[in-house]
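Welcome! Here is a short briefing to read alongside the sequence and the model. Take a look at both, and then work through the topics below.

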Amino acid sequence: MSILPRKPLAIAIMGPTASGKTAAALAIARAIPSEIISVDSALVYRGMDIGTAKPTAAERAAAPHHLIDILDPAESYSAMQFRATTLQLVDQIIARGKLPLLVGGTMLYFKALRDGLDTLPEADPQVRAALDAEAALIGSPAMHAKLARIDPDTAARLKPNDAQRIQRALEIHQLTGQPMSNLLAKAAPVDLPFSLLQIGLEPSDRSVLHQRIATRFDAMLDPSIRPNLIDEVIALRQRGDLHLGLPSMRCVGYRQTWDYLDGQHDLATLREKGLAATRQLAKRQLTWLRAIPERHVIDCLDPAASALVLDTIEIALQT
């Protein structure tokens, strides 16, 4: 009986916002020759550094980073684009004798990589623009009700205010004539050309994670540090070609700051809404993580979290 060759190893470091993913990745890169692939739908955008908590220049100099600052905020980026690019990057990193580290919190991207999304069409700018206009007219809850009539399974797992995912599901239905849930059910299982060790950095006490989120968001708004998040969004608005219908401007923190600059609320409300949106993001990320039973869970609040991640990887490399 022939023995199949062992697949090379890639590492997925997943976790909610403010869970210390960047610190863990850099600790690994210091110990093992590695390259980092960002799995973050916000870090792809140039000029969006503060609100995305983008790795600093020093952090990016400590190890090669990929899929950061690759798009203008006026452009869109899909899970399918991420998957295609990441498969190429992992192959190239392995060929260079390095360990690929896939690091981030955009769980849809991780799912696309593992499971494939080959049955879903690419975004169509005209259809998306029409849906954006309709959503602006009737509101996200009405768009959710519309989705429930044509794709009840997808609507059931989305909240009425989850505008981006609702409109994507409606777009898919318009482009294919089929519910997105049907297309996902038909997706054939994929066989990755590498083994993916999945590590979840997850909090043992969610209230402590929320405090981390608050501390980080307050630092983004700190008026003594310039530019801060408000300055960053002012600069983006001054371009004249960006608006809240774009995925980039719907990122957590940016949308709330945009509304603040439009005079819809004061600074205290900006902070309150920004924190609420970030906590909701963390909640969604943790829900996605719990659906991955084969992941290795490490408490992100443990002072030794980075060392524990490294230990887990070294064991996997030896087996």
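Is leucine 67 buried or exposed? Leucine 67 is buried, as its relative accessible area is 8%; buried means under 20% relative accessible area, exposed means over 50%, and partly exposed lies in between (1.4 Å probe, protein chains only). Before going further, please note that this is a predicted model, in which local features need pLDDT of at least 70 and side-chain atom pairs count only at pLDDT 80 or more, while totals for chains, interfaces and linings use all residues. Residues are numbered from 1 along each chain as its sequence is written, and side-chain values use heavy atoms, with hydrogens and water left out.

- Leucine 67 sits in the loop between S3 and H3; helices (H or I, at least four residues) and strands (E, at least two) are DSSP runs, numbered from the N terminus.
- Although leucine 67 is not a glycine, its phi is positive, about 65°.
- Aspartate 69 belongs to the loop between S3 and H3, and its phi is near 60°, a positive value in a residue other than glycine.
- With a relative accessible area of 25%, aspartate 69 is partly exposed.
- Arginine 226 and proline 227 are joined by a cis peptide bond, with omega about 0°.
- You will find proline 227 in the loop between helix H10 (206–221) and H11.
- For background, most residues other than glycine have a negative phi, and most peptide bonds are trans.

**Salt bridges**

- How many salt bridges does the structure hold? There are 17, a salt bridge being a side-chain nitrogen of Lys or Arg within 4 Å of a carboxyl oxygen of Asp or Glu.
- Lysine 7 pairs with aspartate 191 in a salt bridge, and their closest N and O atoms are 2.6 Å apart.
- This pair links distant parts of the chain, 184 residues apart: lysine 7 is in the segment before strand S1 (9–14), and aspartate 191 is in the loop between helix H9 (180–186) and strand S5 (195–202).
- Lysine 7 is partly exposed at 31% relative accessibility, whereas aspartate 191 is exposed at 66%.
- Arginine 239 makes a salt bridge with aspartate 72, with 2.7 Å between the closest N and O atoms.
- Arginine 239 counts as partly exposed, at 37% relative accessibility.
- Asp49, Lys54, Arg60 and Asp69 are linked in a network of salt bridges.

**Helix H4**

- Lysine 111 and aspartate 115 both belong to helix H4 (residues 107–115), where they are four residues apart, about one turn of the helix.
- Their side chains meet in a salt bridge, at 3.1 Å from N to O.
- Lysine 111 is partly exposed at 28% relative accessibility, and aspartate 115 is partly exposed at 33%.
- Which residues of H4 are buried? They are Met107, Tyr109, Phe110, Ala112, Leu113 and Arg114.
- The cover over these buried residues includes S1, strand S2 (34–39), H3, strand S4 (99–104), S5 and H13.
- Glycine 116 follows H4 and has a positive phi, near 80°.

**Leucine 236 and its surroundings**

- Leucine 236 is part of helix H11 (residues 229–238) and is buried, at 4% relative accessibility.
- Apart from neighbours within four places in sequence, leucine 236 is in contact with Gly47, Met48, Pro73, Leu242, Met249 and Tyr254; contact means heavy atoms within 4.5 Å.
- Leucine 236 and tryptophan 258 are 22 residues apart along the chain, and their C-alpha atoms are separated by 9.6 Å.

**A positive patch on the surface**

- Lys159, Arg206, Lys283, Arg284 and Arg290 gather in a surface patch of positive charge.
- Patches are made of residues with over 30% relative accessible area and no salt bridge, with like charges joined within 9 Å and nonpolar side chains (Val, Leu, Ile, Met, Phe, Trp, Tyr) within 5 Å.
- Lys and Arg count as positive and Asp and Glu as negative, while His and the chain ends are not counted.
- Helix H13 (residues 267–290) gives the most to this patch, with three residues.
- Arginine 290 is located in helix H13 and is partly exposed, at 49% relative accessible area.

Definitions and conventions
Accessible areas come from the Shrake-Rupley method with a 1.4 Å probe; for residues, only the protein chains shown count as cover. The place of a charge is taken as NZ of Lys, CZ of Arg, CG of Asp or CD of Glu.
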